[in-house]
Amino acid sequence: YELACRLATLRPGAPYLEVAPTSLQEWALPHLSDPYAGGGSATVRFVQAPRHPVRIEVRPSGDAVTVWPQNLAFTPENYAKLRRVWIITSGKRAEGTRVKVEFVAVSEDPAVDGVTDHWFFKTTEPKPTSEPTVAPVVAPTASPTASPVMAPVVAPTVSPSVSPTESPSKSSSVSPSMLPSMSPSMSPSMSPTTIPTTTPSAPTTLTPTASPTPGPYYATEDLGAPRRVINPLQGFLTSPDWRPPPHAFPSTLEYYYVGLDEIMVGHDAFDWGPLEARLDATASRKCHAVLRFFMDYPDRETAVPQHLIEGGLAFNDYWGGKSPDYADANLAEALDQFIAAFGKKYDGDRRLGFVQAGLLGFWGTWSTYTDGSGVTEGWIPNTLKDATAAGYAAAFRATPLQIRASWAAQAPAGFGFHDDSFAHSTLDGKANGGAKKGWFFWPQVERAGRTDFWRKSVMGGDLAGGLQRKIFKDDYPAGTEFHQDLHLCINVTHATYMVNGYIFLEDATGPGAKEVARAEAASAA
C-alpha cells in the first residue's frame, strides 16, 4: 500500500486516512435531528500517525444536508481516535436527493495535505411546511414571595465577579447524590444550620451591567422568545444528550456534560466543533446552555485527552473506573491551557447561560470520595483546585461561573455555587428531620461565610436523583432525613435552576399531571 501510494500520487508517504459510513444504508439522518445523538453517519480516523496536525474538512455538495462537525482535528498523538460525523437532512431539497460528502485533509504534512475521500448520502423527509407557533412571553402576576419558586437570576454588579450555577443529573448507576462526597472533609458531627423561621424575601432583580463583547446574556431576546411562559435562565432543565428535544415541560435552559477529550485534541490544541454543534442546537431552540466539562465519569471510558495518556499519565483505580493522577504536572498544564482557551473563545457568548468549573473529580464534582476510608479524598491536590478556580476567574469576566460548595471557603469572589444533591443533602438540622450533617451543602456555605453569595451570583444544582420521582407526590415525607422540603431549600439557598430529568419524561414512566403542575409552579416565576 505504501509503495503503491507513493508511485500513484508522487507523495512521500501513504496518508492512511480511513473514512467509513456507520451503516450500509446511505440515508442521511432525518431533518431536525440533533447532532451528537446516536452513532453518527460516518467515522474518520488515521491508521498511522501523520507528521503534523491535520484538519479534516467535511464538505457536502449543495445545501441538501448539513454536517456536524464541519471540521475534525487530528494530531500525531490522537490520530487513531475514531471521530464521528453526523449528516443531517436540511429540509431544503426533496426526499431521496443524493448528496456527495467530501472529507478533505489540510496539513503541513505533504503525505496528507489534499488527500480526499467521499461518500454519498440520500436525504430523508422534507422540511415541515409550517413552523411551530411560539407562545408570547407573559410577565408573571404574582410576587416571587407569594409562593416558593425558583429565584430570578441576579446580574452581577461588577463584571469580573461572575457567578457559577449548578450541576447536572448523573446517569450513572451509582448516583453521587447518594454519597457523602459533597464534602468528605467535613465532619458530620458539626452543628446544624439555622433555618429561618420566615421565608426569606426573593432577591431584587438588578439591571444587568454592560458585559464584554459579545454579551449581554441575561435575556433571550437575542435567541428569540422562550417556548413557554417562563423567565429565561431559570427553572428546571434536562440535557438533550439524555433525552432529545422537543420537550413538553417548559424550559429555557439545556444542560451539557462534555468530556474534555472531545475538545482538547493535543498539546494546547482544540477542536471546538462538538461544542459549537451543541450550542448552536440549543440556541436554535431558543434556550441557553449550562456547561460542565469532565475527565472522570464513573462507569464510563476516561475523558482524559489522549496526548496526556500517551505521555505517561498515571491513573488510580476505584469502584467506578480510573481516576487520573491529579498531581501530574502535564495534566495541570493541560488544564491551564484548556481553561484559558475556553474563556478566550466563549466568555460572554450569548448562547451560554452558566459555566460550572467541573473538570476535577468524579463527574467533575471536585470530589474523589469513595468509601470514607480517607485514602482517596486527597487525590486532588488543593494547589490544583486553587489553580483551576483562579484560571476560570481570569478567563471568564462575563459569563457566570459556578463551583461546588465543598470548595466554598477558597472560591474566588463572585463565584456562585451548585448543589449536586438538592433537597437530599442541602439543609441539615430541623429541615432534615433533626439530623445534623456538617457535610451538607448549606452548612458548608455558612462556615465559609458566603450565605449572601446569591446577591451577586447564581445558585443552581441537581435535584437529587433519588428524589425526582417522589418530591412532587402527595406522600413525599418532606422534612425528614434526606427528604427536605423543596420550597424551603429554594427559599434558603435562593436557587435559580435545577436539573430534573424525570419531569421531562413524557411516557408511562414519567410524571402525572399533578406532579407536572407542581413542578411548573416551583419552576416558573
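Modeller: A crossing of two helices is called right-handed if the near helix is turned clockwise from the far one by less than a right angle, and left-handed if the turn is anticlockwise. By that convention, in this predicted model, the crossing of α3 and α5 is right-handed. Helix α3, which covers residues 273–284, packs against α5 at an angle of about 40°, and the two axes lie 13 Å apart. Since angles under 35 degrees count as roughly parallel and 65 to 115 as roughly perpendicular, α3 and α5 are therefore oblique to each other. From α3 the contact draws on L275, E276 and L279, while α5 supplies F342, K345 and Y346. By residue type this contact of α3 with α5 has four nonpolar members, no polar ones and two charged.

The other partner of α5 to consider is α6. Here the axes of α5 (residues 329–346) and α6 (residues 382–395) come within 8 Å and cross at roughly 20°, and the two helices are therefore roughly parallel to each other. This crossing, too, is right-handed. On the α5 side the contact involves A332, L335, F338, I339, A340, F342 and G343, and these meet L384, T388, G391, Y392 and A395 of α6. The residues of the contact of α5 with α6 comprise nine nonpolar and three polar, with no charged residue among them.

As for the setting, the protein chain contains nine helices and 20 strands, and buried residues account for 53% of its 525 residues. Among contacts between residues at least 6 apart in sequence, 74% join residues at least 24 apart.

A word on confidence is also in order. The mean pLDDT of the chain is 78, with 75% of the residues reaching 70 or more, but pLDDT stays under 50 over residues 1–14, where the model has 23 contacts beyond four places in sequence. It likewise stays under 50 over residues 154–230, for which the model has 252 contacts beyond four places in sequence.

Definitions and conventions. Residues numbered from 1 in each chain as written. Predicted model: local features only at pLDDT ≥ 70, side-chain atom pairs only at ≥ 80, totals over all residues. Heavy atoms only, no water. Axes fitted to C-alpha atoms, helices over the stretch in contact; angles between N-to-C directions. Helix = DSSP H or I, 4+ residues; strand = E, 2+ residues; numbered from the N terminus. Parallel < 35°, antiparallel > 145°, perpendicular 65-115°, else oblique. Contact = heavy atoms within 4.5 Å. Nonpolar A, V, L, I, M, F, W, Y, C, P; charged D, E, K, R; others polar. pLDDT = per-residue confidence, 0-100. Buried < 20%, exposed > 50% of the residue type's maximum accessible area, 1.4 Å probe, protein only.
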